[in-house]
Amino acid sequence: MSSIIIETSGLTRNYGDICALKPLDLVVPEGEWLTVMGHSGSGKSTFMNLVGGLDRPSAGSLRVGGKDLLAFTEDGLARFRREFVGIIFQQHHLVPYLTAVENVMLAQYFHSVPDEAEARSALERVGLGHRLKNRPGELSGGEQQRVCIARAIINSPKLLLGDEPTGNLDHKSTVMVMELLKELRAEEKFTVIMVTHNQEVAGWGDRTIYLDDGMLVREERKVEA
Amino acid sequence: MLFRILKNSFLKRPKAVLLVFLSIAMGAAVATAFLGIAGEISHKMALELRSYGANILLEPSAVEGGGFLREEDLPKIKTVFWKYNITGFNPYLFGVAEFSAGDKKERGVVSGSWFTKQLVVPGEEMSVQGIKGIAPWWEVQGRWPEDADEAIIGAALARRLNVSPGGDVTAAARGQNQKFRIVGVVTTGGYEEEQLFAPLVTVQSLLQQQGKVSRVQVSALTVPMDDFGKKDPSTMSKEEYEKWYCTAYVTSVAKNVEEVMAGSRAKPIWQIASAEGALLKKLNGAMLFLTILALCASATAVSTSLMASMAERSKEIALMKAVGADRFQIGTIFIGEILIISFAGGIIGYFLGDQLAGIISRTVFNSAVTSPLWLFPTAIISAFMVALAGSIAPLRRALIIEPVKVLKG
Amino acid sequence: MNRRRWLIHLVLRALAYRKGRTLLLLAVLAMASSLATALGIVSSSMEKRVAEEVRKYGANLVIFPESARLDIGSGGLNFGVVSEPAYLQQSIVEDALIKSELKAEVSFHLRGALHLKDADIMVEGVNFNDIKRLFPWWQLKGNWPAAGETVIGNDLASRMKLKTGDIVELGGGNKMRLRISGIVASGGEEDGLLFVALPELQQTLDLGGKISLVRLMVTAGGNTLKTSASDLQKLLPAAKVTEVRQTARTSEGLLAKVKLLMFMVTAVVLVSAGSSVAGTMSTTVLERSREIGLMKAMGGTRWEVMLIFCGEATLLGVLGAIAGYVFGSVIAQFITKTVFSASADIIPWFAGISLGVSLFLALLGSVGPMISVFKLDPVRSLRGE
C-alpha cells in the first residue's frame, strides 16, 4: 500500500455567492496519475489550484505531502510549491525574453541556485537539446510545452499538476507530451494530477474523477488490460 | 455613438485615465507656472537689484552751495512719464553743525530726510518714500525716527560723541539749537556714519531753510545701457530723441525726473547703474535657459506617461480592429480621448500652475504674481500638443499591427 | 551561476525586452537628474559668477585712519572734509595686506586741498591702473592720464570752465603743472574732484608715503567678508577696516533668492518627473501580470518577485543618473559659457546628486507597482485577467 499524498475533507472554494467547489472529500495515493474531468466551470481548475497551493480553500481541510496547507502563510505556500510541486499550464506561460534553458533556470533560481548544466540535461531529456538557446517565440506549441515540462520537473517535485497542458496542441504533439510525461513519471515516480476535458487525454491516467458544477459526480478506475 | 464609446472608455479604466489626466494636468501646471513666472522674473530681479541703492541723483543746477531744490516739487516725481519705473525717491537737506552730547563736542553734518513717509499724490496711488526703502543695506540698531525730534546717528559719530539709543544730542547751526532724541545708530561702512539723520521738516527749521532740499536720490528700474543710450540727447534728431526718451535708459529716466524738479540737474549714479545692467542681463539669461530646460524635462515626462499608457492599450486596439473598426475610426476614438483629457487636464493644470507660480513668487521674491490670461488657452493647447506627441508613435504602431498577433498573446 | 549574477542577468533581459519602455523611463530619469545636476552646478558656481559681476559695483572694504572722519556724503553724495585730516602709512598698509594673504584689488587714495586759479579745490591722488579695476563705472571722456596729466571731474570742470587739453597749475607746497587728459562723470563724488598720480600728490603736499584711504575689492574667497575684515583689522590697529555694506550685503540677498528660485523650479520638475515615472512603471506592471503570476506560481515568494522589479528600477535609476550627470554637466557648461562667459567647474560629487535624484525617482515610482506585485493573485493573472 503506497502512502497518501493528498487528503482533503470538505474542501470548498467560494467566490462570493458563487460556489466553485462544493465540499469535496478525496484521497490520492502517492504515485497515482489522477485525471480530473469536467466541462468548463465545473471546478476542476479550482481543485488543481487548491491542491497546488496556488489558492486557499474557503472551508475544509487539505493535506498535501503530509503538510497542512491551511497552516501556511502566502510565502509559506510559495516555498511549499517550489519544493514540492511542478505545474504545467494550457497557456505555457514561458517568460518571453528568456531562452529555453533560461526559462528552466528561472525555476531553479526560485528553488535554490540556477545550474545551467542541470537545466541543459533536463531539456535534453525532453528532446530539446538542440533548441536550448531559442526564445519561446521561436518554438512550436509542442516544443514550448516540453520546455514547460522540463521547467516543472527540474526541482524534482513530488507532485506534478497539469491544467489542460495539451489543450492548445495538435494530436501529434499531444501524444508526444503525454508519452513524455508517462516516461518521466516512471523515472521520477511523482504523482500526476491532470485536469482536462479531453477524453483521450483522460485515458492516460490511472483514475479519473468527474466534476460537475463543483461536485464530484463519478469516479472511474482504469482497467489494466 | 462616438460619445458613448468615449464615455465607456473613461469609465471602464478609471485608474489609467486618472493617471494620464494627472500627468497632463501636472505638465500643464508646470508649464503655466514657469511661463507665468518667467515674465515676472526679469522684473523681480530688476527690483531686487534696486536694493543696491539709488541710481539717479538730483542736484541743484545752480553752482555749489547756493542752490536748492523745492520740496513742493517732490510729489511731481510720482507723475512723470516713467512713474511706474520709479521705485522710490528720497530728499536730503544737509548742513554742517556742531553736535554736543554730554561733555563731548564734534563737528559734523546734520541731514534732514524722509524715513518712511507716506506720500499721497492726487491721482496716483499712495506710496511710501524714504531712506528705509531706498537704502535697505542700512543697519539700524534701535529703530527709525518717528517723531519730529527723534534722530538716528551714524556709528562713527556716535562713537565719538559717546551716545547710544536713548541718549540726546544737541545740534547747533546758524545760531539755532535743536535737541534730538537718538533712537537708533546706523552702520553702513560709508559716509552716513559721520552724519545725524532727522526728519526733514525739523532740519529745515534748524537750518532755516524751510521748504528746501539739497539733493534727491531716485531709485528707478532701467534697461541696460547700450551705445544708443549713451548718445548725448542734444545731438539727437527728433525721432532719435523720441526713441531715447521712450526707452527706460537711466539717462532718459534721469532727464524725465529733472524736468519736474525746478532748477535741478539729474545725473545717473554710474556706480550703481552700469553694474546692474550687466548683472541683470546675465541673471535673466541664466533663468531663461533653466526655464527652457525645466519645460523640456516636464514635456518629456508627460510624453512618456502618454506613450506608456497608449502602448498598454494595444490589445484594446486589436480587439476593435478584429470587431471591424477601421484605422480611421479607431484613430478618431483615441484622438477624441486625448482631446477630452488634455482639455480637462489643461484647465486644471492652468489653475494649479497659477497657484504654483504664486507660491514660488511669494517664497522667493515676497511678492505676488498673477498669471496672464493668455496662458489659459496656451496651457490647454500645449497640453493637447504634448499629449498628442506622446501618443502618436505608439498609436500608429498599434494601428499597424495585425490584431491576430496581439490577441493571441 | 550564483543567485546575484542570475538576478542581474534576469533584470537586464527584462529591460532589454521592452526597449521602448526602458528608453522612455531612462529618458525621464535622465532629464530629471540632468536638470537637478545642471541647476546644481550653475547654482553652486553662481556665487562666483555673481561675485564677479558684483565687482563692478566697486570696493567692498574700506580702510581709513582711526582718528579720521570719513568724507561726508551718502551713497554717492559727498560733502567734503569737515575736520582735520588724518593719514595712514602706505607701507604699513601694504605690509598688512601681504601678511593677511587677502585676495583683493587695492587702490590707495590721498586727499588734499590745493589752490587752483582763485579757489581751493579737492585733489585726490591715485594710481590710475588701480582705478581702472576698482572703479569700472567711471565714464571717461578723453584719455587716461599719462605722466604729467590729470583727470578732472565733470562738475568741477564746468564750474572752473575747464576742458580736455587745458593746462592747470595747482598751488601748494610745491607747484604742479598738469594737462587735462580727460573728464570723468560718475554721478558720485568723483564729479567734484581733480585726480592726479599718487606719488606726485604725496610730493606736492609733502606727505611722502601717506594716504588717506584704502579701498579694497575682496574677491570671493573661503572666508566671508566679515572675517576678512576682522583679520585685516587685527593687523592694522591704527586704522579702521569697514565693510561697505551697500555692495557687500546686497549681493548675499540676491544670490540667496536666485538659488532658492532654481531650487524650487527643480523641485517642481522632479515632482512632475516622479509621477510620470510612477505612471509608466505601473502600466508596465499591468502588462507583465502574467509573468509575475508565473513567477509566483513557480514558488517565488512575494519579496523574491519584488526584488526582481526593484532590481529593474535600481538599474534604470543608475543608468539614468549617469546619463543625467553627463547631460546636465554639458548643459551647465553651455549656460555658464553663454551667459557668464566663463567655464563652470566640473563638480564630480554632483554625480552623487544625480544618482540620488534618479534612484529616488525610480524607486519612488516603483512603489505603486511593487505593491501591485505584492498583492497580485497568480491564479487570476494566469487565467488572463
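Is B:R181 buried, exposed or partly exposed? I looked this up before anything else, in what is a predicted model. B:R181 is partly exposed, because its relative accessible area is 39%.

**Entry: the B:R181 pair.** I found that B:R181 makes a salt bridge with B:D168, with 2.8 Å between the closest N and O atoms. B:R181 sits in strand β10 (residues 176-187) of chain B and B:D168 in strand β9 (residues 168-173) of chain B, so the bridge ties parts 13 residues apart in sequence. I list B:D168 as partly exposed, at a relative accessible area of 28%.

**Entry: other salt bridges.** I noted 49 salt bridges over all chains. One of them joins the side chains of A:R13 and A:D55, at 2.9 Å from N to O. A:R13 belongs to strand β1 (residues 4-15) of chain A and A:D55 to the loop between α1 (44-51) and β4 (59-64) of chain A, so the pair ties together parts 42 residues apart in sequence. A:R13 is buried at a relative accessible area of 14%, and A:D55 is buried at 9%.

B:E106 is buried, with a relative accessible area of 14%; B:R160 is buried, with 17%.

**Entry: helix α6 of chain A.** I compared the length of α6(A), residues 171-188, with expectation: at 1.5 Å a residue its 18 residues should span 26 Å, and the end C-alpha atoms are 26 Å apart, which agrees. I then listed its buried residues, which are A:S173, A:T174, A:V177, A:M178, A:L180, A:L181, A:L184 and A:R185. They lie on the same side of α6(A), because their arc around the axis is only 160°. The face turned away from that buried side carries exposed A:H171, A:K172 and A:A186. At the start of the helix, a side-chain oxygen of A:D170 comes to within 3.2 Å of the backbone nitrogen of A:K172. Just after the helix, A:K189 has a positive phi of about 65°.

**Entry: chain C.** I looked at helix α7 (residues 225-235) of chain C, where C:L225, C:S228, C:A229 and C:L232 are buried. Their arc of only 100° around the axis puts them on the same side of α7(C). C:K226 and C:K234 are exposed on the other side.

I also recorded a nonpolar surface patch of C:V318, C:L319, C:I322, C:V326, C:V330 and C:L355, with about 470 Å² of accessible area together. Helix α10 (residues 302-340) of chain C gives the most to the patch, with 5 residues.

Conventions:
Residues are numbered from 1 along each chain as its sequence is written. Chains are lettered from A and ligands numbered from 1 in the order in which they are written. This is a predicted model: local features need pLDDT of at least 70, side-chain atom pairs count only at pLDDT 80 or more; totals for chains, interfaces and linings use all residues. Side-chain values use heavy atoms; hydrogens and water are left out. Helices (H or I, at least four residues) and strands (E, at least two) are DSSP runs, numbered from the N terminus. The expected span of a helix is 1.5 Å times one less than its number of residues. Buried means under 20% relative accessible area, exposed over 50%, partly exposed in between (1.4 Å probe, protein chains only). The arc is that of the directions from the helix axis to the C-beta atoms. A polar contact is a pair of N or O atoms within 3.5 Å; within protein, one must be able to donate a hydrogen and the other to accept it, and residues adjacent in sequence count only if both atoms are side-chain atoms. Patches are made of residues with over 30% relative accessible area and no salt bridge: like charges are joined within 9 Å, nonpolar side chains (Val, Leu, Ile, Met, Phe, Trp, Tyr) within 5 Å. Accessible areas come from the Shrake-Rupley method with a 1.4 Å probe; for residues, only the protein chains shown count as cover. A salt bridge is a side-chain nitrogen of Lys or Arg within 4 Å of a carboxyl oxygen of Asp or Glu.
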